[in-house]
Amino acid sequence: MRHIQTFQVFPNIPEKLAFLETLSRNLWWSWNGSALELYRRIDPKQWQKSGKNPIVFATLISQSRLERLAEDKSFLAHLEQVEQQYDERVLTKLDQPDNAFRKEGMVAYFSMEFGIHESLPLFAGGLGILAGDHLKASSGLDLPLIGVGLLYRGGYFRQYLNHDGWQQEDYPETDLYHLPVHRAKTEAGTDLTISISGPGGDIVAQVWRITIGRIPLILLDTDLPGNPAAMRDITARLYSGEHQIRLAQEALLGIGGLRALAALGIRPTICHLNEGHCSFVGVERLRQIMDEYDIDLAAAREIVPRSTVFTTHTPVAAGHDEFAPDLVKPYLKPFETRFNMNDGELVSWGQHAGTDKNAPFSMFVLGLRLAQFCNGVSALHGRVARHMWSDVWPNRTAEEVPITHITNGVHTASVLSPEIRLLFERYLGPQWYMGSTVDENIERIDDIFDEELWRAHEMSRSRLIRNARELLAKQYRRRNAPVDTMKALESVLDQDCLTIAFARRFATYKRANLLFKDPERLESIVNSKDRPVQFIFAGKAHPKDNEGKEIIKTLIHFARNPNLRDRLIFLEDYDLNTARHLVQGADVWLNTPRRPLEACGTSGMKAAANGVLNLSILDGWWVEGYTPERGWRIGNGEEYQDTAYQDSVESQALYNLIENNVAPLYYDRTGGGQPAAWIEKMKASMKMALRDYCSYRMVKEYEQKFYISAQHNFSTFTADGAARAKELSVQHRRLKQNWHQVSVEPPVRSDDGPFRVNQQFEISAVVHLGGLRPEEVTVELFYGQLRSLNAIRNGQTQTMIVKEDRSGGTYLYQCTFTCTDTGRYGFSVHVSPQADNWIKYQPGLLTWA
């Protein structure tokens, strides 16, 4: 049948229940325990069937049921309680700190994916969940922030396995009637659309809006009747494997996203780019700043980077998007005239220094060059990123590369089990959900009775096992499994057995197969008479990652061993719902990445918040989080060149830990029915997660380290017709024009040594500044202990002062050096601009002796 007209019928909500409609249109309900329980109370089976989606749920509830609830005093009291919390935590504005950012600022937070809840399928994994947690925490803190992303009609794929264990992908289309989104409107009341230029003409996108607590999220969608088929497909799927579509998505997100904000009358003072996918934001923002303040490109380039934050999550160079220059040029062509540049010059912004015009265009390099505030997502990842991208700042040591770190955090309220949530409400108080922002939250965890905590955890484990059996039954039913197989699934997993979970993306570096290096030893661990262990695996491989798919297939075949079948399982189609069951109900969270390739690993933080103990390689966040009181480390943080040898060593270390440390502690029930020493670790782990790894701490750290400074920069550099930006652009140009004249002769010390601790000596160097003046530069002694004859470890700097003007732009600089510790040292001297960090760290403005 052709030309079918569609419409949706929803129930007629009784007036007493009117708040249910308001609640369903704001995803705040997804992390509020009382709201979740309210929906479940209406009809538990239908709530589960709806995928915990209030809008779908409403279509499954009969009108008569709603009428009865409208007369149910107990339900109405529950509804009133949720409405009061909504008023307090969403509608009420919080008292703001006394800083310019909170009063005048607005952060636009760009991300390719946002993981808020499984009913909104706009995410693939950790990057999206982190972005969602950033919005949720910003809502709780009442931060001036707005999210910007894309609305994917197909979202990320659903996973299922064939009979041989090979991953298959399915892309069900999202029904927009089932999402709490609404179209943004123009002042005239028409649907708001924006457009960007592309290789096939203008790409038009519809603008949508969704609300996450106090935070609006703007989404763009190209599935419009006026767009050609190829353009409509741009937002069809998250992370398309086609390079052209992927580039179009990233151009739409960056250029189109900023244009959507402008069309809505929103002018962000700060832009936060969540990974390199968003880097076109900087290009469009330059244009907007030039137009708004009537300034040239040079002045705009003093404003935009100083008010841009760039967060990277990928410690592998191959994981960053690169495109052929000819693919990129059509998206940049409209900027040529406005910037007075040709397309080759624009493309060079995204190319590594020293490469030719045909070199790949790196979204990551573009992001770095248009952002002053750059960070990795753990301390180790920050170090890895500084080394990996040091070529963007030639002549600087890796330690000097201006990429810092802010360790990720998780939104605790979104992942806590109902039982732990109740304990927190009872012992920590009504503000428990604010995590690290309330000091007394942390120590009160020690007040929870061991028996109560263990009972809560056992209930979570029982729910996990029940959910796992249901998922397995669904998997086997789809494969038309025989009746006896279906019957056997009822006894899969043991309620009282030590349960270890491994759930994450099946990339090869995450080494899901490390556990299978010695099958016989694993089998003996699983079937131990006194201390049995069971394993639950879940996760997806990227559709084009055949190596990852092969690991899943190997795991499936291994699990078919009759001696393991009931105690080693794989759950298909890993999603947020399955993840919650796992981080709440497992006893141990296993993580085995190949160090240092794990940027952070936030799933371990979620597990820790629920009292699940981490057993992990020292990589990502666990480098900072690990202590013997909180869990176990595999190895001591070694990094290997021989990966086969590494796998052999670390697999044996893993077996040893499970057999000799983990299992004995879990099954030690002396003095009663609970494992007292295990529970002590659980409490230490929970305190760590709430204090150090909650998203409120993370977002507050972004505010203190980046947002406040970025807002100050924006206000300063745009004031008085952008006078400061114009002034600095002149200074910047002068430095670049004269820097080739700067040189430093080899430094000389007053004494050849050897030296004793606390002994001092003078170091001097002749510096040629050419046309520059001493007040325009900083001359520094760079020193530290030697790593090798040509490398200094953990270098430090000491400012040198002008001792003598030798005329003609030549000066003698000097400083007094104090020997503070023993060891073999080295030193040199370098010259950089006397300016803020943005100019100081510009490539080409650094000269060594």
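These questions and answers cover salt bridges, a charged patch and a strand in a predicted model.

User: How many salt bridges are counted in this model?
Analyst: The count rests on a distance rule: a side-chain nitrogen of Lys or Arg within 4 Å of a carboxyl oxygen of Asp or Glu. By this rule, the number of salt bridges is 56.

User: How many residues apart in sequence are the parts tied together by the pair Glu 169 and Lys 549?
Analyst: The two side chains form a salt bridge at 3.0 Å, N to O. Glu 169 sits in strand β4 (residues 167-170) and Lys 549 in helix α24 (residues 546-559), so the pair ties together parts whose separation in sequence is 380 residues.

User: Is Lys 549 buried or exposed?
Analyst: Its partner in the salt bridge is Glu 169. Glu 169 is partly exposed, at 25% relative accessible area. Buried means under 20%. Lys 549 has 5% relative accessibility, so it counts as buried.

User: Which helix holds Asp 647, the salt-bridge partner of Lys 517?
Analyst: The side chains of Lys 517 and Asp 647 meet at 3.9 Å, N to O. Lys 517 lies in the loop between β15 (498-503) and α23 (519-526), and the pair ties together parts 130 residues apart in sequence; Asp 647 belongs to helix α28.

User: What is the N to O distance in the salt bridge of Arg 594 and Asp 647?
Analyst: Arg 594 is in the loop between β18 (588-591) and α26 (603-609), 53 residues from Asp 647 in helix α28. Both residues are buried. Their side chains meet in a salt bridge with an N to O distance of 3.0 Å.

User: What is the relative accessible area of Glu 80?
Analyst: Glu 80 forms a negative surface patch with Glu 83, Asp 87 and Glu 88. Glu 80 is found in helix α6 (residues 73-91). Patch residues need over 30% relative accessible area. Glu 80 is partly exposed, with a value of 47%.

User: How many residues of strand β28 are buried?
Analyst: Strand β24 (residues 777-788) runs antiparallel to β28, with nine bridges between them. Strand β29 (residues 847-848) is also antiparallel to β28, joined by two bridges. Strand β28 spans residues 825-833 and is mostly covered; of its nine residues, the number buried is seven.

User: Which residue in β28 is the bridge partner of Phe 782?
Analyst: Nine bridges join β24 (residues 777-788) to β28. Within β28, Phe 782 has as its bridge partner Ser 828.

User: Which residue in β29 does His 830 stand opposite?
Analyst: Two bridges join β28 to β29 (residues 847-848). In β29, the residue opposite His 830 is Trp 848.

Note on methods: Residues are numbered from 1 along each chain as its sequence is written. This is a predicted model: local features need pLDDT of at least 70, side-chain atom pairs count only at pLDDT 80 or more; totals for chains, interfaces and linings use all residues. Side-chain values use heavy atoms; hydrogens and water are left out. Patches are made of residues with over 30% relative accessible area and no salt bridge: like charges are joined within 9 Å, nonpolar side chains (Val, Leu, Ile, Met, Phe, Trp, Tyr) within 5 Å. Accessible areas come from the Shrake-Rupley method with a 1.4 Å probe; for residues, only the protein chains shown count as cover. Lys and Arg count as positive and Asp and Glu as negative; His and the chain ends are not counted. The place of a charge is taken as NZ of Lys, CZ of Arg, CG of Asp or CD of Glu. Helices (H or I, at least four residues) and strands (E, at least two) are DSSP runs, numbered from the N terminus. Buried means under 20% relative accessible area, exposed over 50%, partly exposed in between (1.4 Å probe, protein chains only). Two strands pair if DSSP finds at least two bridges between them.
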